[in-house]
Amino acid sequence: MKHSNPLLTVVGLVSATALAAPARAQNAPQGPLTLAQAIRIAVERQPSIAAATANRQASEARLNQTKTNYLPRITPTYQIQALTNTGTVNQILPGGIVQPVTQTRSVTTYQEDLAATFRLLDAGTRDLNARQARQNLRGLTYAEENARQTVIGNVADAYYAALRN
């Protein structure tokens, strides 16, 4: 079956592939889609590209985290201790009368500490972790580009197939 406008097939493919949000009138293309427009829409809305980008960004964060293994660790502590002592003492009043009196004494102490540690030797663990994080980032960068190129290839194939029909 031949369509009066073969590019409608591409519009359907881009919409289905990209799981597009409801189209807004100001964003709707005027006339048939060009190949560049179809590719742009698919790349912007394709979930597999978004997932690959998120994986790459997480890997970048893990690489930055491995760099902190080369820094000293600083641990602050703050401690408050409150002691309350209650006791009874005898008070001698005029006339020799002994009267017990309860006394309360409170003492509060504050203590601040700051400890710094630095690992001198770790049998190469820090370097191995950093190298693994770099290689993981490299692989995820390639995976992100592969996802992008796959979407572009699929859209281009569908676009030219629609033109042939």
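Predicted model: local features only at pLDDT ≥ 70, side-chain atom pairs only at ≥ 80, totals over all residues.
Which residues touch the most other members of the largest nonpolar core?

## Overall architecture

The protein has four helices and two strands. Read from the N terminus, its elements follow the order α-α-α-β-β-α. The chain comprises 165 residues, of which 20% are buried.

## The nonpolar core

The largest nonpolar core has 13 residues, and Leu35, Val151 and Val155 are the ones that touch the most other members. Two or more residues of this core come from each of helix 2 (35-45), helix 3 and helix 4. The packing of these helices is described next.

## Helix 3 against helix 4

Two packed helices are described by the angle between their axes and the distance between the axes. For helix 3 (residues 47-67) and helix 4 (residues 125-164), the angle is about 165° and the axes lie 9 Å apart. Because angles over 145 degrees count as roughly antiparallel, helix 3 and helix 4 are roughly antiparallel to each other. Their crossing is left-handed. Sorted by class, the residues in the contact of helix 3 with helix 4 are ten nonpolar, eight polar and six charged.

With a relative accessibility of 36%, Ser48 counts as partly exposed. The second pair is Glu60 and Leu140, which are 80 residues apart along the chain and have their C-alpha atoms separated by 9.6 Å. Glu60 is likewise part of helix 3, and its relative accessibility of 31% makes it partly exposed.

## Helix 2 against helix 4

Helix 4 also packs with helix 2: the two axes come within 9 Å and cross at roughly 140°. How are helix 2 and helix 4 oriented to each other? The angle of roughly 140° does not exceed the cut-off of 145 degrees for a roughly antiparallel pair, and helix 2 and helix 4 are therefore oblique to each other. Helix 2 passes helix 4 in a right-handed crossing, whereas the crossing of helix 3 and helix 4 is left-handed.

## The strand hairpin

Strand 1 (residues 73-93) pairs with strand 2 (residues 97-117) in the antiparallel sense, over 21 bridges. Within this pairing, Thr84 is placed opposite Ser106 of strand 2. The two strands form a hairpin, with three residues between them. Gly95 lies in the turn and has a positive phi of about 95°.

What is the phi of Ala123, which is not a glycine? Ala123 has a positive phi of about 60°. This residue belongs to the loop that runs between strand 2 and helix 4. Is Ala123 buried or exposed? Its relative accessibility is 82%, so Ala123 counts as exposed.

How values were computed. Residues numbered from 1 in each chain as written. Heavy atoms only, no water. Axes fitted to C-alpha atoms, helices over the stretch in contact; angles between N-to-C directions. Parallel < 35°, antiparallel > 145°, perpendicular 65-115°, else oblique. Left-handed = near helix turned anticlockwise from the far one by under 90°. Nonpolar A, V, L, I, M, F, W, Y, C, P; charged D, E, K, R; others polar. Core = buried A, V, L, I, M, F, W, Y, C linked by side-chain atoms within 4.5 Å. Buried < 20%, exposed > 50% of the residue type's maximum accessible area, 1.4 Å probe, protein only. Pairing = 2+ DSSP bridges.
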